[in-house]
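Biologist: Before we discuss any details, could you put the sequence and the coordinates on the screen, so that we can go through the fold and the side-chain pairs one after the other?

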Amino acid sequence: MARGSVSIVVERCKACGFCVEFCPSKVLALSSAFNSKGYHPPHAVNLEKCSGCDLCGMYCPDFAIHGYRTDKTAAAAIEAKTEADDAR
């Protein structure tokens, strides 16, 4: 079961491949399709292995991709932090 997911903005991508290279779970691969600039953006090939660590987003120089956690414990932690911030 996937604990995370990735969001890709295809038109921002210039196919540098950093996201593919540095993904510890090997979730991504460069697509054979082109974006409007003529580059091959990444796509998820093993999304069920995604941990939501966001290393893809940290290495992307164009902010074209980011990872995020989707499990219930992460959502609960974010909600608790938001409530704590609101209480201040």
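Biologist: Which pattern does the protein follow when it is read along the sequence?

Modeller: This is a predicted model, and its secondary structure amounts to 3 helices and 4 strands. Taken in the order of the sequence, these elements give the pattern β-α-β-β-α-β-α.

Biologist: How many aromatic pairs does the count come to?

Modeller: Phe-18 and Phe-22 have ring centres 6.4 Å apart with planes at 65°, so they make an edge-to-face pair, and both residues sit in helix α1 (residues 18–22), where a spacing of 4 residues puts about one helical turn between them. Phe-22 also pairs with Tyr-59, and Phe-18, Phe-22 and Tyr-59 form one aromatic cluster. The count comes to 2 aromatic pairs.

Biologist: Is the pair of Phe-22 and Tyr-59 stacked or edge-to-face?

Modeller: Phe-22 is partly exposed, at a relative accessible area of 36%. The ring centres of Phe-22 and Tyr-59 are 4.1 Å apart and their planes meet at 10°, whereas stacking requires planes under 30 degrees apart. The pair of Phe-22 and Tyr-59 is therefore stacked.

Biologist: How many residues apart in sequence are the parts that the pair of Phe-22 and Tyr-59 ties together?

Modeller: Tyr-59 is partly exposed, with a relative accessible area of 38%, and Phe-22 is partly exposed as well, with 36%. Since Phe-22 belongs to helix α1 and Tyr-59 to helix α2 (residues 55–59), the pair ties together parts of the chain whose separation in sequence is 37 residues.

Biologist: Which side chains meet in a salt bridge?

Modeller: Side chains of opposite charge can pair when their charged atoms come close. The structure holds 1 salt bridge, with an N to O distance of 3.9 Å, where the cut-off is 4 Å. The side chains that meet in it are those of Asp-62 and Lys-14.

Biologist: How many residues apart are Asp-62 and Lys-14, and where do they lie?

Modeller: Asp-62 is partly exposed, with a relative accessible area of 23%, and Lys-14 also counts as partly exposed, at 40%. The salt bridge between Asp-62 and Lys-14 has an N to O distance of 3.9 Å. Asp-62 lies in the loop between α2 and β4 (65–69) and Lys-14 in the loop between β1 (4–8) and α1, so that the pair links distant parts of the chain, 48 residues apart.

Biologist: What separates the C-alpha atoms of Gly-38 and Lys-14?

Modeller: Gly-38 has its place in the loop between β2 (28–30) and β3 (42–44), and at 38% relative accessibility this glycine counts as partly exposed. Gly-38 and Lys-14 are 24 residues apart along the chain, and their C-alpha atoms are separated by 8.4 Å.

Biologist: How many residues make up the largest nonpolar core?

Modeller: In soluble globular proteins, nonpolar side chains tend to be buried together. Here 26% of the 88 residues count as buried, and the largest nonpolar core includes Val-6, Cys-19, Leu-28, Cys-56 and Ile-65. In all, this core is made up of 11 residues.

Note on methods: Residues numbered from 1 in each chain as written. Predicted model: local features only at pLDDT ≥ 70, side-chain atom pairs only at ≥ 80, totals over all residues. Heavy atoms only, no water. Phe/Tyr/Trp six-rings, centres within 6.5 Å; stacked < 30°, edge-to-face > 60°. Helix = DSSP H or I, 4+ residues; strand = E, 2+ residues; numbered from the N terminus. Buried < 20%, exposed > 50% of the residue type's maximum accessible area, 1.4 Å probe, protein only. Core = buried A, V, L, I, M, F, W, Y, C linked by side-chain atoms within 4.5 Å.
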